[in-house]
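Subject: Structure for your review

Dear colleague,

Please find below the structure that I am handing over to you. A summary of the findings follows it.

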Amino acid sequence: MFSEKLSVAPMLDWTDKHCRYFLRQLSSHTVMYTEMVTTGAILFGKGDYLSYNQEEHPLVLQLGGSDPKALAECAKMAEQQGYDAININVGCPSDRVQNGRFGACLMAEPELVAECVQSMQNVVDVPITVKSRIGIDDLDSYEFLHNFVDIVGKAGCKHFIVHARKAWLSGLSPKQNREVPPLDYSRVYQIKQDFNHLDISINGGIKTLAESVDHLTHIDGVMIGREIYQNPYMLSQADQIIFADEKPIITREEIVDVMCEYIDRNVANGGRVWHVVRHMLGLCNGLPGARKYRRYLSENAGREGANSNVLREAFALTGNTSSTSI
């Protein structure tokens, strides 16, 4: 088993396997989530939507869908692929997701979510979890959230990740839905009090590990998204601060060395440097030369024939040099 005291949120177009591999170098224990993958993509798409690097564990697949049979089929495939848990998206408010009848709109159908959870748990042994909001549109009372957790929890879901904002299903963009509705952490704390037998994680607006430690006095887990993506080096102290691991904190130089090896393997397999380093633009935030570092990567990583030297050269602009520089 693994601890979900800290996790990196599923972020569409961001938390792909290159991003997760990079973030894993910073923390051994923080749980990684995939981008949301729809059941249709897995079952009928031409790409391999379940591929990942073995180093990414502990790793959770987030699924988008509302057909219990299709979700069960995907869950079985994911378990066979080695995922540590499977999460159902009941929090995304985008129009595209609503049109597919999944995401946040499912909060209005707790019995269907419960059926989905039960269907998946019938065919796999790994945990099935749910990520939701505190409410949707005018269905934003505490009683609404309590009822949702009660029904889905009775179906066998033992872990809920709750984004402490409600979602407006019309009138706001997905970006605005991450910023405009006010945060209500106390409502998530109350859910933990009322369902003490369940694991409850909190998500939304959390910017530091210190804030995470404070939240953990009230609930079981903290999920952080954009802040870790934009300032990834904050994760370098997560093992020590959150998980009480006394191992040395990894340096940026050491991260660059490991990622250069990864980049060269990726390029050898037909990948592009930019596909990896686009997730590393924030690595040097706070260092002299951070802007030069970002600019150099942005201007050079997409060029034909680029290799890991681009990352080493960009990092050198911060006044540091990687220990195995050439």
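In what follows, a residue is called buried if its relative accessible area is under 20%, exposed if over 50%, and partly exposed in between (1.4 Å probe, protein chains only). Helices (H or I, at least four residues) and strands (E, at least two) are DSSP runs, numbered from the N terminus. By these terms strand E7 (residues 199-203) is mostly covered, with four of its five residues buried.

The model is predicted, and accordingly local features need pLDDT of at least 70, side-chain atom pairs count only at pLDDT 80 or more, and totals for chains, interfaces and linings use all residues. Residues are numbered from 1 along each chain as its sequence is written, and side-chain values use heavy atoms, with hydrogens and water left out.

Strands and their pairing

Two strands are said to pair if DSSP finds at least two bridges between them. E7 is joined to E6 by five bridges, and the two run parallel; Phe 160 has Ile 200 in E7 as its bridge partner. On pairing with E8, E7 again runs in the parallel sense, over three bridges, and Ile 202 stands opposite Val 222 in E8. From E7 the chain passes through helix H9 (residues 209-215) to E8 in a right-handed β-α-β crossover. A crossover is right-handed if, with the strands pointing away from the viewer, the path from the first strand over the helix to the second runs clockwise.

Strand E4 (residues 85-90) is largely enclosed by the rest of the structure, because six of its six residues are buried. Strand E3 (residues 59-64) runs parallel to E4 and is joined to it by four bridges, with Asn 87 in E4 as the bridge partner of Gln 62. E3, helix H3 (residues 68-81) and E4 form a right-handed β-α-β unit. E4 also pairs with E5 in the parallel sense, over five bridges, and there Ile 86 stands opposite Ile 128 in E5.

The largest pocket and the annotated residues

A pocket is found on a 1 Å grid over the protein atoms alone: it is an open set of points where a 1.4 Å probe fits, with protein on both sides within 12 Å along at least five of seven lines, and its lining residues have an atom within 4 Å of a point. The largest pocket holds about 810 Å³ of space, where grid points are joined across faces, edges and corners and the volume is the space filled by probe spheres set on the points. Its lining has 35 residues, and Pro 10, Met 11, Leu 12, Arg 178 and Arg 226 lie nearest its centre. Among the elements that give two or more residues to this lining are strand E2 (31-38), E4, E5 and helix H10 (226-230). H10 supplies the largest share, three residues.

An unreviewed UniProt entry lists as "binding site" Pro 10, Met 11, Leu 12, Gln 62, Lys 131, His 163, Asn 203, Gly 204, Gly 205, Gly 225 and Arg 226. From this set, the lining of the largest pocket takes in residues including Gln 62, Lys 131, His 163 and Arg 226. UniProt positions are given in the numbering used here, feature names are shortened, and annotations may be inferred rather than shown by experiment.

Two of the listed residues may be described further. Lys 131 is found in strand E5 (residues 128-133) and counts as buried because its relative accessibility is 12%. Contact means heavy atoms within 4.5 Å; not counting residues up to four places away in sequence, Lys 131 touches residues including Gln 62, Asn 87, Asn 89, His 163 and Asn 203. His 163, in strand E6 (residues 159-163), is buried at a relative accessible area of 8%. With neighbours within four places in sequence left aside, the contacts of His 163 include Lys 131, Ser 132, Asn 203 and Gly 204.

The "active site" annotation, also from an unreviewed UniProt entry, covers Cys 92. Cys 92 is placed in the loop between E4 and helix H4 (95-99).

Backbone exceptions

Most residues other than glycine have a negative phi, and most peptide bonds are trans. The peptide bond from His 57 to Pro 58 is cis, with omega near -5°. Asp 13, which is not a glycine, has a positive phi near 70° and lies in the loop between E1 and helix H1 (17-26).
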